[in-house]
Amino acid sequence: MAAAPNKLDTVFFTHTLCPYAERVWIALLETGTQHLLVHIDLSRKPGWYRSVNPRGLVPALQHDGRVQLESADICRQLDSLASEPDLRLSPPEPALQREMEELLRGPCSGVVAAGLDLMAGSTGRHWGIGSGQTAAQREGFEAHLRGLSASLQRHGGPFLLGTHLTLADVMVYPFLYRFSVAKKFSGYDIGAVLGGRTGEWLAALEARPAFRTTSADSRLLLEAFTAHQSLDFFDYETYTCFQLHPHNQHMLT
Ligand SMILES: N[C@@H](CCC(=O)N[C@@H](CS)C(=O)NCC(=O)O)C(=O)O
């Protein structure tokens with residue numbers, strides 16, 4: 001008989017405000033993967049963390065003694081480790097799998113890059129928040145949003161590829177959440193632009209415990225965005241992770 005998985009077999013190194021790490025956190029919870037969560041305060045990185053990731057970035061996942069970096073690769077690894085078909089984050093049908101890969105390569109990654117560019121406005125600062133959005137920035141973002149909207153429409157929702165939550169939803173949500181929290185800066189209401197089934201999609205994601213647990217409190221996030229004029233405040237001093245994630249009962253400091 002196989003041994004029961006031990007929490008210590010899988011160690012997740014994260015900062016709870018990193019959207020890339022949030023993808024992994026969602027995937028861990030959705031796939032029901034037992035894990036130990038280790039917080040890395042990115043504003044005061046411990047020296048030992050370089051031995052986990054020499055670049056010093058989160059997320060990192062140590063599984064069975066091997067370290068995997070890059071959120072997209074880690075999410076795929078978690079998908080392949082899921083113990084039951086219902087917990088998988090890729091659709092069983094080959095045609096839908098191909099569509100998921102196209103979505104990931106196209107609108108899902110496009111909307112992240114174009115969204116960060118849009119939020120920065122005329123500041124030109126990567127991760128910055130500012131005004132002065134150009135028509136080109138808006139159009140670039142909207143083109144990718146339309147790609148997501150078309151998929152929702154084609155499959156009838158509630159998720160991007162229909163009734164089964166997939167990596168496409170997981171990869172894009174942490175970013176759309178931040179863009180939507182920061183809409184007062186960009187003047188951009190994503191729901192209004194996407195229209196159609198978007199409201200239903202976002203509500204279906206927000207209703208899932210994994211998404212609720214991992215999404216930072218929107219009021220505190222907005223306060224911090226405003227104070228830092230940036231989407232990437234990565235300390236635990238502005239707010240503690242307990243304040244930021246009131247739904248999470250399992251936080252360690
Ligand atoms: N491509 C990486 C990006 C990870 C990343 O940029 N993480 C940021 C936080 S959101 C980080 O660790 N920053 C710390 C630093 O730059 O020192 C992934 O998808 O995992």
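Biologist: Before we start, what pLDDT do local features need here?

Modeller: This is a predicted model, so side-chain atom pairs count only at pLDDT 80 or more, totals for chains, interfaces and linings use all residues, and local features need pLDDT of at least 70. Residues are numbered from 1 along each chain as its sequence is written, and side-chain values use heavy atoms, with hydrogens and water left out.

Biologist: Fine. Which residue of strand 3 stands opposite F13?

Modeller: Helices (H or I, at least four residues) and strands (E, at least two) are DSSP runs, numbered from the N terminus, and two strands pair if DSSP finds at least two bridges between them. Strand 1 (residues 10-14) and strand 3 (residues 60-63) have four bridges and pair in the antiparallel sense. Within that pair, the residue opposite F13 is A60.

Biologist: And on the strand 4 side, what stands opposite Q62?

Modeller: Strand 3 also runs antiparallel to strand 4 (residues 66-69), again with four bridges. Opposite Q62 you'll find V67.

Biologist: How many residues lie between strand 3 and strand 4 in their hairpin?

Modeller: D64 sits in the loop between the two strands, and its phi is positive although D64 is not a glycine, at near 50 degrees. D64 is also exposed, with a relative accessible area of 54%; buried means under 20% relative accessible area, exposed over 50%, and partly exposed in between (1.4 Å probe, protein chains only). As for the residues between the strands of the hairpin, the number is two.

Biologist: On to E70: buried, partly exposed or exposed?

Modeller: E70 lies in the loop between strand 4 and helix 2 (71-81). Its phi is positive too, near 75 degrees, in a residue other than glycine. With a relative accessible area of 44%, E70 counts as partly exposed.

Biologist: Now the ligand. How many residues of the shell around the ligand are nonpolar?

Modeller: A residue is near a molecule if one of its heavy atoms lies within 4 Å of it, and the ligand is surrounded by C18, P19, Y20, L42, K45, L57, V58, P59, E70, S71 and F234. Ala, Val, Leu, Ile, Met, Phe, Trp, Tyr, Cys and Pro count as nonpolar, Asp, Glu, Lys and Arg as charged, and the others, Gly among them, as polar. The shell has one polar residue and two charged ones, and its nonpolar residues number eight.

Biologist: What percentage of the accessible area of the ligand does the protein cover?

Modeller: Start with the polar contacts, meaning pairs of N or O atoms within 3.5 Å; within protein, one must be able to donate a hydrogen and the other to accept it, and residues adjacent in sequence count only if both atoms are side-chain atoms. An oxygen atom of the ligand is 2.5 Å from an N or O atom in the side chain of K45, a ligand nitrogen is 2.9 Å from a polar backbone atom of V58, and a ligand oxygen is 2.7 Å from an N or O atom in the side chain of S71. On its own the ligand has 520 Å² of accessible area (Shrake-Rupley method, 1.4 Å probe; for residues, only the protein chains shown count as cover), and the protein covers 74%.

Biologist: V58 comes up there; what is omega for the peptide bond that joins V58 and P59?

Modeller: P59 lies in the loop between strand 2 (36-39) and strand 3. The bond from V58 to P59 is cis, with omega at about 5 degrees.

Biologist: How far apart are the end C-alpha atoms of helix 1?

Modeller: The expected span of a helix is 1.5 Å times one less than its number of residues. Helix 1 (residues 19-30) has 12 residues, so it should span 16 Å, and that agrees with the model, where the end C-alpha atoms are apart by 16 Å.

Biologist: Which side chain does the side chain of E30 join in a polar contact?

Modeller: E30 belongs to helix 1, which is mostly covered, with 10 of its 12 residues buried. E30 itself is buried, at a relative accessible area of 13%. Its side chain has a polar contact of 2.8 Å, and the partner is R208.
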